[in-house]
Amino acid sequence: MEYSIEVTNVTKVYKLYNKPIDRLLELINPFKKSYCRDFYATENISFSIPKGECWAILGKNGSGKSTLLKMITGVLKQTEGEIKVDGKLAALLELGAGFNMEYTGIENIDLSMAIYDYDKIAADEKKEKIIEFADIGNFINQPVKTYSSGMFARLAFAVAINVDPDILIIDEALSVGDIFFQQKCNIYMKEKMEGTTRILVSHDMNAVTAMANKVIVMENGKIIFIGNTLDGIEMYTKIMHSEVFAVTNKDEDIKDSSSALDEINIEEEHLGGAKEFIIRSYKFLVNGESYKGFIEAGDKLSLSFNIYASRPSKNLIFGYLCNDKFGNSIIGENTITSIKTPIEISSTGDYKCQMELIWPEVKPQHYFITLGIGEGHHEFQHTIQCWLQNVINIEAISPRKTIHALINNPITSFDIKKI
Ligand SMILES: Nc1ncnc2c1ncn2[C@@H]1O[C@H](COP(=O)(O)OP(=O)(O)OP(=O)(O)O)[C@@H](O)[C@H]1O
């Protein structure tokens with residue numbers, strides 16, 4: 001197999017000094033006394049990327065992703081190990097596209113054309129394509145130091161793809177662009193760059209699912225996973241969740257974070273409504289198992305919650321609402337419209353409730369689920385007893401099907417006849 005990138009036992013050590021003066025003391029010390037300690041930004045990293053594949057590198061902040069990419073692109077020299085890169089490489093690293101901030105967009109395009117050694121005819125042709133793809137209007141004639149980060153990303157990406165790279169490396173740079181531009185770039189990378197080896201660092205799991213053949217997960221400078229995309233995302237999400245959980249529960253002795261994660265207690269201050277009936281804790285499962293970091297159309301989502309009733313009631317209503325990140329309610333339902341019979345509670349005390357739904361074909365993105373208890377007979381006019389706003393953050397993916405709008409409504413039958 002032919003490889004574009006081969007990384008073998010690569011380690012990057014930074015020397016950390018407690019005080020700036022220590023650096024000087026170390027230099028002049030006659031006995032070569034060390035005033036620093038070694039910090040391993042990456043440690044013993046090895047992998048090989050076959051030509052034309054797209055790999056994603058996942059890991060929480062500080063895990064070593066950027067350091068690794070900088071070493072592959074040659075911006076940074078590794079302390080130990082070997083890196084082989086075969087082919088012309090273009091990279092967008094943390095918004096550093098090699099642009100001169102004082103130059104205009106056009107001048108920076110000219111600069112890139114010179115760096116990549118295009119002759120005048122080819123450079124002029126590329127320039128037109130870059131301007132068209134970047135689509136930043138008259139800003140192209142302004143110095144790039146006046147650009148918003150989104151405009152910068154537009155120009156940087158347009159240049160990177162138009163220098164016909166064999167290898168394209170993108171470190172989060174696209175996340176600052178607007179959503180339509182991100183989509184345009186993702187589609188371009190997926191459809192027009194099949195022969196190009198691509199590495200991306202992204203926190204957008206949908207982009208990763210849509211594009212990556214393989215995933216590397218890094219933690220504390222080491223690779224902890226190399227393998228298929230969905231397994232990698234699952235591993236990464238677990239790391240992220242356990243971190244959030246460890247922060248919010250740092251005073252407690254957590255022995256098994258996965259089972260502890262299942263059941264989440266609610267502080268009363270987070271509840272809205274009349275609160276005669278309150279949700280004390282909740283848990284959610286996908287297909288009967290702990291949430292792995294994503295959900296797909298057809299998966300069974302079980303929302304179970306323990307509630308406390310301060311009195312009996314003959315007509316309780318339970319429901320959920322699912323909002324996108326802009327606050328638009330996308331899907332939702334309650335028991336009065338779904339099940340049609342009011343829910344009765346005969347005495348004061350604790351109850352366990354369980355609600356199940358099949359996840360629909362929605363646009364792949366993050367959704368926030370609100371749980372609620374109402375009391376009354378009418379689907380709109382009832383007392384809100386308990387309102388638990390945006391309590392579950394769930395990420396929908398759609399690796400096997402294109403979602404055409406916010407919600408796909410499958411066509412159930414189609415017929416064509418000659419008339
Ligand atoms: N010049 C430096 N000197 C000392 N330590 C550094 C230096 N550059 C990076 N580090 C440290 O190396 C570690 C890895 O950093 P790196 O930027 O590669 O992580 P990352 O996974 O890309 O994080 P992020 O997602 O926040 O960009 C971090 O702990 C960082 O503080």
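This is a predicted model: local features need pLDDT of at least 70, side-chain atom pairs count only at pLDDT 80 or more; totals for chains, interfaces and linings use all residues.
Residues are numbered from 1 along each chain as its sequence is written, and side-chain values use heavy atoms, with hydrogens and water left out.

**Overall make-up**

- The protein has 10 helices and 19 strands (DSSP runs numbered from the N terminus: helices are H or I with at least four residues, strands are E with at least two).
- Of the 419 residues, 44% are buried (buried is under 20% relative accessible area, exposed over 50%, partly exposed in between, with a 1.4 Å probe and protein chains only).
- Taking contacts between residues at least 6 apart in sequence, 71% join residues at least 24 apart (contact means heavy atoms within 4.5 Å).

**The open sheet**

- Six strands form an open sheet with mixed pairing, in the order β5-β6-β7-β3-β8-β9 (two strands pair if DSSP finds at least two bridges between them).
- Strands β5 (89-93) and β9 are at the edges with a single partner strand each, so one side of each has no neighbour in the sheet.
- On average, neighbouring strands of this sheet are turned by 15° against each other, direction ignored.
- Helix α5 (residues 149-162) packs on the sheet, where it touches β5 and β6 (167-171), and its direction makes about 165° with that of β5 (axes are lines fitted to C-alpha atoms, for helices over the stretch in contact; angles run from 0 to 180 degrees between N-to-C directions).

**Around strand β8**

- Strand β8 (residues 214-219) pairs with β9 (residues 222-228) in the antiparallel sense over 6 bridges.
- Strand β3 (residues 54-58) pairs with β8 in the parallel sense over 4 bridges.
- V215 is the bridge partner in β8 of A56, and V215 also stands opposite G227 in β9.
- The hairpin of β8 and β9 has 2 residues between the strands, and N220 there takes a positive phi near 50°.

**A nonpolar surface patch**

- I21, L24, L25, L27 and I28 make up a nonpolar surface patch with about 500 Å² of accessible area together.
- Patch residues have over 30% relative accessible area and no salt bridge; like charges are joined within 9 Å and nonpolar side chains (Val, Leu, Ile, Met, Phe, Trp, Tyr) within 5 Å. A salt bridge is a side-chain nitrogen of Lys or Arg within 4 Å of a carboxyl oxygen of Asp or Glu.
- I28 lies in helix α1 (residues 20-28) and is exposed, at a relative accessible area of 58%.

Key: Accessible areas come from the Shrake-Rupley method with a 1.4 Å probe; for residues, only the protein chains shown count as cover.
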